[in-house]
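Me: I'd like to learn how to read a structure like this one. Can you walk me through it?

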Amino acid sequence: MNRLKYIYLSVPLFVLLSCGSLLTGILGTGWMLAAAITPLILITWGVVWMRLYSTGGVRPEFAILTVLPHSVYYLVKASGSRILHEAAWQNAYALVWIAFAVVYIMSLRPRHKEDTPRPVAKDQIFLMMCILTIIYSGYTFLSFAAELFNS
């Protein structure tokens, strides 16, 4: 999968996954949320897995790290667990978000045969998506954490 197609598929999927409080407000925290979120998480994981598999830069098994923080949020929200009120689990959740950002940034490198090979320092798409990924992961982590830690 070339990089442009990957960006066009993955960005809307991650934006939908980051609408946590909106989705839980509309669908509740029961079976309707699970029915809507599970296919969305699986499709997002599949898109990232296909990109990692086709580029060969990072092992495709690491694609799970891109949907893990979202999955943890929805699981904790649906179960009503208070596990993220402990400092160790809060640190682990922050590390999962850092792993998300690293794997997603690594998946954006132009390594596919259809991508135009450029040095990373001169690749404007890569640099822009790195900045947007860091902003997205930081903002989504803070919004998810504020909702989970204060409930």
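Predicted model: local features only at pLDDT ≥ 70, side-chain atom pairs only at ≥ 80, totals over all residues.

Me: What secondary structure does the protein chain have?

Reply: You'll find 6 helices and 0 strands. Reading from the N terminus, the order is α-α-α-α-α-α.

Me: And how do I judge how compact the protein chain is?

Reply: Compare the radius of gyration with the globule rule. Here the radius is 16 Å, close to the 15 Å the rule gives for 151 residues, so the chain is as compact as a globular protein of that length. The C-alpha atoms fill a box of roughly 45 × 30 × 25 Å along the principal axes, and 39% of the 151 residues count as buried.

Me: How do I describe two helices packed together?

Reply: You use the angle between their axes and the distance between the axes. Take α5 (residues 87-107) and α6 (residues 124-149): their axes come within 10 Å and cross at roughly 160°. Angles over 145 degrees count as roughly antiparallel, and that makes α5 roughly antiparallel to α6. The crossing is right-handed.

Me: Which residues make the contact?

Reply: From α5 they include Tyr93, Trp97, Phe100 and Tyr104, and from α6 they include Met129, Ile134, Phe141 and Phe144.

Me: How do the residues of that contact divide into nonpolar, polar and charged?

Reply: For α5 with α6, there are 16 nonpolar, 4 polar and no charged residues. Gln90 of α5 is one of the contact residues, as are Thr133, Ser137 and Thr140 of α6.

Note on methods:
Residues numbered from 1 in each chain as written. Heavy atoms only, no water. Axes fitted to C-alpha atoms, helices over the stretch in contact; angles between N-to-C directions. Helix = DSSP H or I, 4+ residues; strand = E, 2+ residues; numbered from the N terminus. Parallel < 35°, antiparallel > 145°, perpendicular 65-115°, else oblique. Left-handed = near helix turned anticlockwise from the far one by under 90°. Contact = heavy atoms within 4.5 Å. Nonpolar A, V, L, I, M, F, W, Y, C, P; charged D, E, K, R; others polar. Rg over C-alpha atoms; globule rule 2.2 N^0.38 Å. Buried < 20%, exposed > 50% of the residue type's maximum accessible area, 1.4 Å probe, protein only.
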